[in-house]
Amino acid sequence: METNIQLARHGLFDARVPRYTSYPTSPHFAGNVGPDLFADWIGAIPEGGQISLYIHVPFCRRLCWFCACRTQGTSSDAPVRAYLETLKAEIEILRSRLPQGVTLERLHWGGGTPTLLAPDMMTELAEAIYSVAPLAEDGEFSVEIDPNEIDGARLDALAAAGLNRASIGVQDFDPEIQKVIGREQSYELTAEAVHAIRARGVKSLNTDILYGLPYQTPEKITESVQKLLSLAPDRVALYGYAHVPWMARRQTMIPEEALPSAEQRLGLFETAQKLFKWDGYDEIGIDHFALPSDSLSIAQKAGRLRRNFQGYTEDTSEVLVGLGASSISKFPQGYAQNASATSQHTAAIRAGGFSTKRGHRFTAEDKLRARLIEVLMCDFVVDAAEIAAERGLAKAEVEKLIAPVAAQFSDVVSYKNGRLEVPPSTRPLTRVIARSFDAYELSKTGHSSAV
Ligand SMILES: C[S@@+](CC[C@H](N)C(=O)[O-])C[C@H]1O[C@@H](n2cnc3c(N)ncnc32)[C@H](O)[C@@H]1O
Ligand code: SF4
């Protein structure tokens, strides 16, 4: 109870705080990063280097009401095929800029629903990508899979393209909750997808579930988590449902009066958290769980956990190239985001250039603050001496940023000799604490805009 009072005092129950999958967060990107700069940054990738590649597919067959992703519904294949042609053209433009010998440490297809591509389209896309940059020997190819939108032929095509990590969306197994969030998906259908994925030798399975959904209770989330555990996923992302109907119009279908309060949300998270831990999962950062044998868990124990647009990762690539409408790329020099509207993105690619619309060039201070936020989100510890050594800075320079945050949160963190640590009892505040390292959020007036 005392902890809840402390959490409330620091604004946990009324704060809308970024998830910090990037720093600065995307609402702070500006229009001064365009196609030419993007092409320069691609050209500066070292010859023979390893990068990560993200391909965005902004289409779905169904539009789930709870979903805050930017995606468009389509019942026919025509727009998907046209989009595939755009992606292939974009990959060709990438080829003309990319230095020789680059390989992929990671390839991820996300969306939207990349599994709505027909099997021949998946094969075409994979061939186009690998003809420009093949998967590295120990490279990882992962795809977001909607169990409603997958079958044997599509899984065969993905397996032939080297799929070795699958991520499937579950959200919740309770039929009443599924109905009100507009995403019906039986346990049997999900289990069938899991078995079909594993039958193709895919060695790692990730699942997404949500807490904070309408009508969710501790009993209901217990039942959903137990069902999920029966499928033995290697990793679980337990995300808090973000209700942002002003950004995602279809969420107006969600009955707001049935949403749990902020304190109830915390209770739901803690109920699920206990179940995963009892079942032997390691807790990773603020919202992930992984079997001790999983590479994420191994990376966390070795202090190699990182955070990028896909959440927690052990990916160490300096460069993440994002292709497709609205995709964000990350370079040592900064972030670059493609045009969000599929039509605008397509027009730019068809005209022979990249569609980069906005982004951010890093300053030295951005890089330092980004690292402070990343280590806090990954390890719950920010150590001035370690960060200073890593970045070739004086310890005092780093301490100068940490000390005021430690003072602001003195009742919920420990701080000694430049080392700030968030104990397990107050970790729900981690994003709120991270925001205190965010110069852009702090310089704004009013509420933060991201979720
Ligand atoms: C692109 S979707 C998943 C891929 C696939 N289309 C599917 O539905 O299975 C990625 C994930 O974002 C998460 N997500 C979407 N909307 C959300 C929201 N409003 N709050 C929190 N998480 C959300 C869900 O857990 C979802 O599985
Ligand atoms: S949850 Fe998946 S299938 Fe549903 S709308 Fe979002 S991206 Fe599409």
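**Ligand 1**

I began with the shell around ligand 1, whose residues divide into nine nonpolar, seven polar and four charged. My classes: Ala, Val, Leu, Ile, Met, Phe, Trp, Tyr, Cys and Pro are nonpolar, Asp, Glu, Lys and Arg charged, and the others, Gly among them, polar. A note on provenance: this is a predicted model, in which local features need pLDDT of at least 70 and side-chain atom pairs pLDDT 80 or more, while totals for chains, interfaces and linings use all residues. Residues are numbered from 1 along each chain as written, chains are lettered from A and ligands numbered from 1 in the order written, and side-chain values use heavy atoms, with hydrogens and water left out.

I then asked which residues come nearest to ligand 1. Of the 20 around it, they are Gly112, Gln171, Arg183, Asp208 and Ala242; a residue counts as near if one of its heavy atoms lies within 4 Å.

Next I looked up polar contacts (pairs of N or O atoms within 3.5 Å). A polar side-chain atom of Arg183 lies 2.6 Å from an oxygen atom of ligand 1, and an N or O atom in the side chain of Asp208 is 2.8 Å from an oxygen atom of the ligand. Ala242 uses its backbone: a polar atom there is 2.9 Å from a nitrogen atom of ligand 1. The protein covers 89% of the 570 Å² of accessible area that ligand 1 has on its own (Shrake-Rupley method, 1.4 Å probe). Strands E5 (135-145), E6 (165-171), E7 (204-211) and E8 (235-240) each give two or more residues to this shell; strands are DSSP runs of at least two residues, helices of at least four.

**The cavity**

What lines the largest cavity? I listed Ile51, Leu53, Ile91, Leu94, Leu98, Leu104, Ile129, Val132, Ala133 and Leu323. Strand E1 (50-57), H3 and helix H4 (119-132) each give two or more of the lining residues, and the lining is ten nonpolar, no polar and no charged.

**Ser75**

Last, I checked Ser75, in the loop between strand E3 (72-73) and helix H3 (78-97). Ser75 counts as exposed because its relative accessibility is 73%, and exposed means over 50% (1.4 Å probe, protein chains only).

Methods. Buried < 20%, exposed > 50% of the residue type's maximum accessible area, 1.4 Å probe, protein only. 1 Å grid on protein atoms, 1.4 Å probe; cavity = no way out; pocket = protein on both sides within 12 Å on 5 of 7 lines; lining within 4 Å. Polar contact = N/O pair within 3.5 Å; in protein donor to acceptor, adjacent residues only side chain to side chain.
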